[in-house]
Amino acid sequence: MKTIAVLTSGGDAPGMNAAIRSVVRVGLDKGLKVMGVQRGYSGLINGEIFEMERHSVADIIQRGGTILRTARCEEFRTEAGRKKAQNILKAFGIDGLVVIGGDGSFQGARLLSKLGISTIGLPGTIDNDLAYTDYTIGFDTATNTVLDAINKLRDTSSSHERVSIVEVMGRNCGDLALYAGVAGGAESVIIPEKEFNEAELCRKILEGKLRGKLHNLVILAEGVGGAEKLAKRVQEVTGIETRATVLGHIQRGGSPTAFDRILASRMGNRAVELLIEGKSSRVVGVRNGKVYDDDIEEALSVKRKFDDELYNIANIVSY
Ligand code: ADP
Ligand code: F6P
């Protein structure tokens, strides 16, 4: 292993920069040449590759987004596209590749490793939807961003004695809604993992009002969807003024939390170690506070275990 490369792919996540920095600096420290690939698999196919030095990653640990840019690339889903990528990697003399992204990016990494490229995946997504790892890089920051929004919405919800429905991202995963909901003391959390009952939600809101609650915060995961529609229904049924807020891409930006920076730094280090050990087709994760690695195929087949305990706590303590 002489030359490695790093890319970010799919939706960006805070902490991706910290992960890039770690891969670059650990790689250089171990005597490797490190290349950066711009715009994910799209840049790989187009040869948008440049050599990185220690200073290339200076002053980025605190920045959201990704200095390497990111992209979603249809061509890479085809065999011909991946063959192009393989040829480019060969032309640049790259022996190992670190892919920072979500499950889609990992599918791409898995197929690339089948073409003989040593590939390691680092989980970078705000969704926390990769079951093999307890946390993905970016999830903690996004949770805190949502929390900040919930705190603010609580103020205005209380002043006006309104119901506030807050739609948060996460694709089909309810973790972002659940974690931010618990931390923000939301009255209800609606997530794809649990069946939703509109009548029960409205009853809960009315009961809260009767007990003297001024505000009522409902966190709605995008996987269930439709904050505006739900707000209309809640207002119709309960007679309480209700507003919807879709937080959108605000959740993807911002300076990463200490947790995400540390996680990214540790994971970047492990990725380089794995490449040096001659490993391929592995992903790095964290379980019970320990960084570990797993076969990419096995990791992708792990079924998500929903945190029922946290969901129950959310329902009990917000009542
Ligand atoms: P994320 O990595 O955040 O889940 P996407 O699902 O958009 O984001 O995937 C990012 C990119 O990974 C896609 O644009 C595509 O280039 C590549 N990719 C996704 N799924 C596959 C697949 N099944 N085969 C090959 N490449 C894929
Ligand atoms: O995967 C991250 C994510 O932000 C999801 O939570 C969301 O569904 C999706 O990406 C939004 O994608 P885009 O940035 O393409 O609108």
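Me: What is the handedness of the crossing of α6 and α11?

Reply: A crossing is left-handed if the near helix is turned anticlockwise from the far one by less than a right angle, and right-handed if clockwise. In this predicted model, α6 and α11 form a left-handed crossing. Helices here are DSSP runs (H or I, at least four residues), strands are runs of E of at least two, and both are numbered from the N terminus.

Me: At what angle do α6 and α11 pack?

Reply: Axes are lines fitted to C-alpha atoms, for helices over the stretch in contact, and angles run from 0 to 180 degrees between N-to-C directions. Helix α6 (residues 175-183) packs against helix α11 (residues 308-317) at about 40°, the axes being 10 Å apart. That angle makes α6 oblique to α11; angles under 35 degrees count as roughly parallel, over 145 as roughly antiparallel, 65 to 115 as roughly perpendicular and the rest as oblique.

Me: Which residues of α6 and α11 meet?

Reply: Contact means heavy atoms within 4.5 Å. From α6, Leu 178, Tyr 179 and Val 182 meet Leu 310, Tyr 311 and Ala 314 of α11. The residues of this contact are 6 nonpolar, no polar and no charged, where Ala, Val, Leu, Ile, Met, Phe, Trp, Tyr, Cys and Pro count as nonpolar, Asp, Glu, Lys and Arg as charged, and the others, Gly among them, as polar.

Me: How do α7 and α8 cross?

Reply: Helix α7 (residues 198-210) and helix α8 (residues 227-238) cross at roughly 60°, and their axes come within 10 Å. The two are therefore oblique to each other, and their crossing is right-handed. The contact of α7 with α8 divides into 7 nonpolar, 1 polar and 2 charged residues.

Me: Is Ser 105 buried or exposed?

Reply: Buried means under 20% relative accessible area, exposed over 50%, partly exposed in between (1.4 Å probe, protein chains only). Ser 105, in helix α4 (residues 103-114), counts as buried because its relative accessibility is 5%. Leaving out residues up to four places away in sequence, Ser 105 touches Ser 9, Gly 10, Tyr 41 and Val 99.

Me: Which conventions apply throughout?

Reply: Residues are numbered from 1 along each chain as its sequence is written, with chains lettered from A and ligands numbered from 1 in the order written. Local features need pLDDT of at least 70 and side-chain atom pairs count only at pLDDT 80 or more, while totals for chains, interfaces and linings use all residues; side-chain values use heavy atoms, leaving out hydrogens and water.
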